[in-house]
Amino acid sequence: MAKKKIELQQENELEKRYLSQLNRKKKIRTRRRILRLVGLIILALLIFAYFSSDISKVKTLSVNDNMIYSDEQILDKAKLNYQSSYVLNPGFLIEMRLKDDPLIKDASVKKTWGGGITIQVDERLIIGYLKDDANTLLVQGVGRLDASELSQLNAAMIPRIGGFSEEQLTMLDEAFANVDKEVMPLISELEPYVTSYDENMVQFVMIDGNRVTTSMKGIELLNSYRSVLKELEGTHVCLYMDDISGNIFKEVDDCSVGLKDREPKPAEDENTEGNEGETPPSEDEEDPQAWVPDEEMPSENE
């Protein structure tokens with residue numbers, strides 16, 4: 001009997017020790033859970049405090065190289081303002097938002113540690129609105145584009161296109177591939193122009209009243225239009241851009257008379273300047289009717 005009592009006491013002692021260890025482990029686990037919960041609550045409060053404060057907001061916003069859309073429109077498409085979170089708007093996400101617009105060819109975003117975001121956009125070149133369909137744009141590299149689905153555009157900066165066939169519109173699309181975007185606000189209208197030697201010429205009505213006639217291949221010479229204006233005398237002048245020689249000629253001093261009865265005559269070769277029947281200028285005499293784009297002007301030593 002004494003032996004059994006001793007064994008029972010030992011078993012009770014072991015059980016108490018085991019239960020004590022279990023209770024200790026439970027307390028440790030409970031304490032750890034409480035500490036984790038407290039830690040998570042503190043972290044959540046810190047995150048909430050951070051994103052609720054001005055520290056997390058964008059500090060500066062800038063947009064570069066945009067002409068079609070205003071800065072405000074670009075930022076609206078990027079879903080950015082001065083209440084936007086700097087952290088929750090990574091660069092790649094902003095770029096994706098902007099590239100969703102069919103008139104934005106590419107976009108790049110640069111972020112600085114001070115909370116600044118700079119957006120560089122590469123907009124597509126809008127050739128103009130089609131006169132027979134006011135809701136349709138001709139966009140270089142894209143073709144026809146439904147303008148009704150786009151954000152409000154500055155229509156005053158977009159030329160009007162009228163009278164061209166589908167084939168000619170395709171030719172226009174290709175011809176404007178190398179035209180600078182800065183030239184487009186200078187153009188008011190594009191009209192087809194037919195001559196005996198070229199049925200696919202174009203006449204540009206410029207916002208300054210001048211008219212410029214050229215072939216499809218000569219459209220790239222529009223990049224030199226500003227430099228020509230420095231030497232041009234008179235207003236509402238008719239100009240002819242020759243794609244063969246690269247020269248720009250004054251055809252008519254007063255374009256209000258019209259140019260339909262006087263076809264521009266292309267240079268026979270690169271060394272021929274001026275109109276048919278006129279005596280070519282001597283080496284020491286400058287042709288007052290022809291200009292060579294600045295980048296093609298020979299130097300004084302040549």
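This is a predicted model: local features need pLDDT of at least 70, side-chain atom pairs count only at pLDDT 80 or more; totals for chains, interfaces and linings use all residues.
## Overall make-up

The protein has 302 residues, of which 37% are buried. Its secondary structure consists of 5 helices and 13 strands. The accessible surface amounts to about 19200 Å², and 51% of that area comes from carbon and sulfur atoms.

Contacts across the sequence can also be described by separation. When contacts between residues at least 6 apart in sequence are considered, 53% of them connect residues at least 24 apart.

## Pairing around strand 3

Strand 3 covers residues 116–123 and runs parallel to strand 1, residues 60–64. These two strands are joined by 5 bridges. Within strand 3, Ile-119 is the residue opposite Val-63.

Strand 3 is also paired with strand 2, residues 104–111, in an antiparallel arrangement with 7 bridges. Here Lys-111 faces Ile-117 of strand 3. Strands 2 and 3 make up a hairpin, with 4 residues lying between them. The turn includes Gly-115, whose phi is positive, at about 95 degrees.

## Salt bridges

The model contains 6 salt bridges. One of them joins Lys-77 and Asp-101, with a nitrogen-to-oxygen distance of 2.8 Å. This pair ties together distant parts of the chain, 24 residues apart: Lys-77 belongs to helix 2 (residues 71–77), while Asp-101 sits in the loop between helix 3 (91–99) and strand 2. Are the two partners buried or exposed? Lys-77 has a relative accessible area of 14% and is therefore buried, the cut-off for burial being under 20%. Asp-101 is likewise counted as buried because its relative accessibility is 9%.

A further salt bridge links Glu-166 with Arg-144, and its closest N and O atoms are 2.3 Å apart. Glu-166 is in helix 4 and Arg-144 is in strand 6 (residues 143–146), so the bridge connects parts of the chain separated by 22 residues. Glu-166 is partly exposed at 49% relative accessible area, and Arg-144 is partly exposed at 41%. In the salt bridge between Glu-191 and Arg-211, the closest N and O atoms lie 3.6 Å apart. The partners are 20 residues apart, with Glu-191 in strand 8 (residues 187–193) and Arg-211 in strand 10 (residues 211–214). Glu-191 counts as partly exposed, with 23% relative accessibility. Arg-211 is partly exposed as well, with a relative accessible area of 25%.

## The buried residue Asp-173

Asp-173 is located in helix 4, which spans residues 166–175. Asp-173 is buried but takes part in no salt bridge. The nearest side chain of opposite charge belongs to Arg-124, at a distance of 8.7 Å.

What does the side chain of Asp-173 reach? The side chain extends to the backbone nitrogen of Gly-141, at 2.7 Å. Gly-141 is also among the residues in contact with Asp-173 when neighbours within four places in sequence are set aside.

How values were computed: Residues are numbered from 1 along each chain as its sequence is written. Side-chain values use heavy atoms; hydrogens and water are left out. Buried means under 20% relative accessible area, exposed over 50%, partly exposed in between (1.4 Å probe, protein chains only). Lys and Arg count as positive and Asp and Glu as negative; His and the chain ends are not counted. A salt bridge is a side-chain nitrogen of Lys or Arg within 4 Å of a carboxyl oxygen of Asp or Glu. A polar contact is a pair of N or O atoms within 3.5 Å; within protein, one must be able to donate a hydrogen and the other to accept it, and residues adjacent in sequence count only if both atoms are side-chain atoms. Contact means heavy atoms within 4.5 Å. Accessible areas come from the Shrake-Rupley method with a 1.4 Å probe; for residues, only the protein chains shown count as cover. Two strands pair if DSSP finds at least two bridges between them.
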